Amino acid sequence: MSEPMIKGAILRDFVVWYGERYGTDSLKQTAALLPEEFRAIIDIGNPTFHLLGSLWYPARLVHAFLEALAHDRTPAAMNRLMHEANRSFLKTGARHSVYRFLLERLVTPEIYAVCVPRFWKQLHSTGERRMKIVRRGYAESTVFNWPGHHPLLCTMVIETMCTVFESMGCKNVSWERATCVSDGARECKTLVSWQ
């Protein structure tokens with residue numbers, strides 16, 4: 001099996017947000033914690049690490065970056081950081097995009113659930129994702145066959161999903177992790193509720 005890859009746009013947008021939110025010095029300090037193999041393929045002096053959104057990068061690079069961010073943070077602080085990153089990106093980075101218009105005006109939770117497998121494949125080279133609306137205001141998201149899994153990335157995926165629900169106008173969006181590969185489960189299952 002080939003190495004799990006992730007589309008550069010994900011990491012690039014996160015790097016830009018982090019640098020703007022916490023400053024270039026903090027971003028450079030975080031990058032300095034990356035293993036040498038990854039520091040050799042990024043440009044620490046560049047605010048985007050010179051990552052290209054259209055290229056695929058090893059999922060291990062994303063894992064290492066998230067671990068570097070978690071180095072001096074509690075799990076609760078990391079959860080808050082990922083929550084904030086997703087909400088901020090949608091408000092600023094996607095403010096004028098066609099995706100934002102579609103999410104706010106046309107997409108419903110039911111349509112989003114149907115599109116989730118296709119969205120997943122555009123960003124991840126491994127794994128499969130499905131979502132089903134169990135009943136009004138309640139959905140179940142499952143990711144399986146995902147060699148690119150990492151516990152922090154798994155949380156980032158969940159926060160991204162919740163941000164999408166919020167952008168569709170859903171209120172009081174909350175989630176609960178039912179199972180996770182990190183805990184020995186065969187798949188990552190998240191329960192999402194909203195009003």
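Contact is taken here as heavy atoms within 4.5 Å. By that criterion, and not counting residues up to four places away in sequence, Leu69 touches Phe14, Tyr18, Thr30, Met78 and Leu81. The model is predicted, so local features need pLDDT of at least 70, side-chain atom pairs count only at pLDDT 80 or more, and totals for chains, interfaces and linings use all residues. Residues are numbered from 1 along each chain as its sequence is written, and side-chain values use heavy atoms, with hydrogens and water left out.

Leu69 also figures in the largest nonpolar core. A nonpolar core is a set of buried Ala, Val, Leu, Ile, Met, Phe, Trp, Tyr and Cys residues joined through side-chain atoms within 4.5 Å. Buried denotes under 20% relative accessible area, exposed over 50%, and partly exposed in between (1.4 Å probe, protein chains only). The largest core holds 37 residues. Phe14, Leu34, Phe49, Leu51, Phe65 and Leu69 touch the most other members. At least two core residues come from each of helix H1 (8-22), helix H2 (24-32), helix H4 (59-70), helix H5 (75-93) and H8. Helices (H or I, at least four residues) and strands (E, at least two) are DSSP runs, numbered from the N terminus. H4 gives the largest share of this core, 9 residues. In soluble globular proteins, nonpolar side chains tend to be buried together.

Charged pairs were examined next. A salt bridge requires a side-chain nitrogen of Lys or Arg within 4 Å of a carboxyl oxygen of Asp or Glu. The structure holds 10 of them. One joins Arg87 to Glu166, with the closest N and O atoms 3.0 Å apart. Arg87 lies in helix H5 and Glu166 in helix H8, so this pair ties together parts that are 79 residues apart in sequence. Arg87 is buried, at 12% relative accessible area. Glu166 is partly exposed, at 30%.

A network of salt bridges links Arg130, Lys132, Glu140, Glu187 and Lys189. Within it, Lys132 and Glu140 form a salt bridge, their closest N and O atoms being 3.9 Å apart. Lys132 is partly exposed, at 47% relative accessibility, whereas Glu140 is buried, at 18%. The side chains of Lys189 and Glu187 meet at 3.6 Å, N to O. Both residues are partly exposed: Lys189 has a relative accessible area of 21%, and Glu187 has 22%.

Lys132 and Glu140 are also linked through the strands. Glu140, in S4, is the bridge partner of Lys132. Strand S3 (residues 128-135) and S4 run antiparallel and are joined by 7 bridges. Strands count as paired if DSSP finds at least two bridges between them. S3 and S4 form a hairpin with 2 residues between them. Gly137, in the turn, has a positive phi of about 80°.

Positive phi also occurs outside glycine. Asn145 has a phi of about 50°. Asn145 lies in the loop between strand S4 (138-144) and helix H8 (151-167). Asn145 is exposed, at 51% relative accessibility. Asn172 likewise has a positive phi, near 50°. Its place is in the loop between H8 and strand S5 (174-179). Asn172 is exposed as well, at 56% relative accessibility.
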